[in-house]
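Subject: Structure handover

Hello,

Here is the structure we spoke about, for you to take over. My notes on what was found follow it.

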Amino acid sequence: MYILGIESSCDETAAAVMENDSRLLSNIVNTQIDIHRKYGGVVPELASRKHLEDIYPVVDAAIQEAGITLDQIDTIAVTQGPGLIGSLLVGLSFAKAISLVKKIPYVGVDHMAGHLISVFLGHKKPEFPYIALVASGGHSSIFHVSSPSAYSLLGRTRDDAAGEAFDKVAKIIGLGYPGGPAIGALSKKGNPEAVKFPRSWLEPGSPDFSFSGIKTSVANYVKQNKVLSDQEARQPVDQESLIADICASFQEAVVDVLVEKTLTCALQKNIKTVVLSGGVSANIRLRQVMEERGHQKGLEVFMPPLEFCTDNAAMIALAGYYQRDKASLTYDMDVYSRISAQ
Ligand code: KG4
Ligand code: ZN
């Protein structure tokens, strides 16, 4: 069977076609980064408008690249939430329109279910159950996953998400949006021990995260050490090594907390498999440290190929495949903005 996946929860308009759960026939991702970059973050209204412009060409390209016609699609899987309401509505309304005209059943998929299953788009596939970290621009959560559609939330961030911290710190040191890839790249040239930024462990054994403190620490450090020649214009001084040291030290602190808390959850639940997902799991240092420390503790660590870490519709199509019995031809479905803890 053919599944058409549609994703528009934030600033990527994406569509993909999967044949069952094994063959990805197309995967189109149209990112809006260039539009939002000058504002230093995603502007919801601009995002919705750009989705409206892109949704048809992106879905059309996915169908064409798959080498099939719309009439051959058996089920449409569309992100229902969490995310930006206006952005989600574009994807869902488009899915409903195709469904209505072509009489193809559609199913609303939780964006988290997509990230949690994205690891199966790679070659190395884990077995259930597993403990999964979803670290992205909007979420830093740890889940217990017992099947493609059954998962429960163990811990979450109490303030900023990990990706949000990367993006905010990048803004503080003048690296632009999105910050994750820029900080990841610069960190390779820096010393992770240079600045001892605080790790927020919260109460002993807590599976929750907090990343707003480290952002403030970086801001204070930058001010005290006159890292920016012009604080207002966020112009970095001509000292790439200093910026690289700040990046590497910040990244190390975030990675340390993400890894330790995820591995502790696995050990506490006596689960031997750990999965990484979400945009931040594209971070090379996070991938490396999770694998190393997981291995030391006798755990097996799995992660999606880089292209499936950030938002995409292949993961939505795959999650939709496993929920295909919920697909319907009724049109009262609404979107939701916040995470639904199952
Ligand atoms: O999963 P995603 O595409 O969107 C959400 O669902 O939020 O994640 C985007 C986030 C951004 O905050 C971005 O800075 C971060 O993932 N990110 C990274 C890297 N690549 C993307 N963070 C750290 N290192 C990276 N290499
Ligand atoms: Zn995401």
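The charged end of lysine 124 is placed over the ring of phenylalanine 302, at 4.6 Å from the ring centre. A second case of this kind involves arginine 324, whose charged end sits over the ring of tyrosine 321, 4.0 Å from its centre. Please keep in mind that this is a predicted model.

Aromatic pairs

The count of aromatic pairs comes to nine. One of them is tyrosine 106 with tyrosine 331, a stacked pair with 5.7 Å between centres and 10° between planes. This pair links distant parts of the chain: tyrosine 106 belongs to strand β5 (residues 106–110), while tyrosine 331 is in the segment after α10 (314–322), 225 residues apart. Tyrosine 106 has a relative accessibility of 1% and counts as buried, whereas tyrosine 331, at 29%, counts as partly exposed. The cut-off for buried is under 20% relative accessible area.

Phenylalanine 143 and tyrosine 151 make an edge-to-face pair, with centres 5.6 Å apart and planes at 80°.

The five-stranded sheet

The strand order in this open sheet of five is β8-β7-β6-β11-β12, with mixed pairing. Strands β8 (150–156) and β12 (300–302) are at the edges and have a single partner strand each, so one side of each has no neighbour in the sheet. From one strand to the next the twist averages 25°.

Within the sheet, β6 (residues 130–135) pairs with β11 (residues 273–277) in the parallel sense, over four bridges. Valine 134 has serine 277 in β11 as its bridge partner. Helix α9 (residues 284–296) packs on the sheet and touches β6, β11 and β12; the direction of α9 makes about 175° with that of β11.

Strand β7 (residues 140–147) and β8 run antiparallel and are joined by six bridges. A hairpin of two residues connects β7 to β8, and serine 147 stands opposite alanine 150 in β8.

In soluble globular proteins, nonpolar side chains tend to be buried together. Here the largest nonpolar core has 47 residues, and Phe250 and Leu258 have the most contacts inside it. At least two residues of this core come from each of β6, α5 (162–172), α6 (179–187), α7 (212–224), α8 (240–268), β11 and α9. Helix α8 supplies the largest share, 15 residues.

Helix α10

How much of α10 is covered? The helix is mostly covered, with eight of its nine residues buried. These are Ala314, Met315, Ile316, Ala317, Leu318, Ala319, Gly320 and Tyr321. They pack against β1 (2–7), β2 (12–19), β3 (23–31), β4, β5 and α4 (111–117). Tyr321, on this list of buried residues, is also the residue whose ring lies under the charged end of arginine 324.

Glutamine 80 is in strand β4 (residues 75–81). Its relative accessibility is 16%, so glutamine 80 counts as buried. Leaving aside residues up to four places away in sequence, glutamine 80 touches Leu88, Gly108, Val109, Met333, Asp334, Val335 and Tyr336.

Serine 48 lies in helix α2 (residues 44–66) and is buried, at a relative accessible area of 17%. Apart from neighbours within four places in sequence, the residues in contact with serine 48 are Gly86, Ser87 and Val90.

Regards

Technical notes. Residues numbered from 1 in each chain as written. Chains lettered and ligands numbered in written order. Predicted model: local features only at pLDDT ≥ 70, side-chain atom pairs only at ≥ 80, totals over all residues. Heavy atoms only, no water. Pairing = 2+ DSSP bridges. Axes fitted to C-alpha atoms, helices over the stretch in contact; angles between N-to-C directions. Contact = heavy atoms within 4.5 Å. Phe/Tyr/Trp six-rings, centres within 6.5 Å; stacked < 30°, edge-to-face > 60°. Buried < 20%, exposed > 50% of the residue type's maximum accessible area, 1.4 Å probe, protein only. Lys NZ or Arg CZ within 6 Å of the ring centre and 35° of its normal. Core = buried A, V, L, I, M, F, W, Y, C linked by side-chain atoms within 4.5 Å.
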